[in-house]
Amino acid sequence: MKKEGLIIIGVIVAVLCIGAGAYLLYNSSPEYMNITMNGVTFEVPKSNVTVLNQTEHYSIYNDTEKGVAIFVFDSTDATLSDMSEAASFAGTRDAFQIGAQLQQNSNITYNHSDTMKVYTYLTNYGHKNVFIITKNKEDMEHILSSINVNSVNSSLNETSNSTNDTGSVEYSNSTKKSSSSGSEIESEKVKENLQAGDGSYYREVTYKDGNFRQYDTNGKLIGSSYDSDQGKLRELYGSDIAG
């Protein structure tokens, strides 16, 4: 009888151990880790994946197992040589936001593309362009709730989440340069050349006097609002091009 009692106790202990293990397996909280990309910190599902700094201005985090990808293009002090990275950022953004629709949950706004079956988030902090892709909304909401904007200059303002309506990437050079017309650069943007319709991009420089110039990826002037540039544009293209 004593032996049978010990057997019953052993079975109960075993069942309890199995139950406790199952509880821990299915109810344990997901683990996360911090990553920093061009001065912006995110909390992502824990993994062995590390940030890939493709250039000084362009960083990629791609966890294929967890279905999380983050792209950051920092256009501060970027030059013409960084336009290919800006175009890569914009191309990725466009590809994954096909059919994107705004979603909101717990005061957090992001996008969902039923075509691509992903959740996305597009914004910028000053000129730090951020694009996030996740397979499930829980990961998206956690990442968005954990973004550390303190790692970015406090004077920079975050824009709201949006879809890729404008087809442009914030592209600013904080080192002010004078134009040939005597005006200083206010900002720069890389935009998709919708007129060409071939997926190419160009750089648009806006000056403090309200004028602008546009350059192709080779640095060739293709458009301008300056009267002094119109003769050169006529020689190149046969007519004035003001964008």
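Which residue forms a salt bridge with D114? The close-ups below begin with the whole chain and then come to this pair.

**View 1. The whole chain at a glance.** This is a predicted model, in which local features need pLDDT of at least 70, side-chain atom pairs count only at pLDDT 80 or more, and totals for chains, interfaces and linings use all residues. Residues are numbered from 1 along each chain as its sequence is written, and side-chain values use heavy atoms, with hydrogens and water left out. Of the 243 residues, 41% are buried (under 20% relative accessible area, with exposed over 50% and partly exposed in between; 1.4 Å probe, protein chains only).

**View 2. K117 and D114.** The partner of D114 is K117, with their closest N and O atoms 3.1 Å apart. A salt bridge puts a side-chain nitrogen of Lys or Arg within 4 Å of a carboxyl oxygen of Asp or Glu. K117 is partly exposed, at 49% relative accessible area.

**View 3. R213 and D229.** These side chains form a salt bridge at 2.6 Å, N to O. R213 sits in strand β13 (residues 212–215) and D229 in the loop between β14 (221–224) and α4 (230–237), so the pair ties together parts 16 residues apart in sequence. Both R213 and D229 are buried.

**View 4. R93 and D94.** Another salt bridge joins these side chains (2.8 Å, N to O). R93 is buried at 2% relative accessibility, and D94 is buried at 18%.

Methods: Helices (H or I, at least four residues) and strands (E, at least two) are DSSP runs, numbered from the N terminus.
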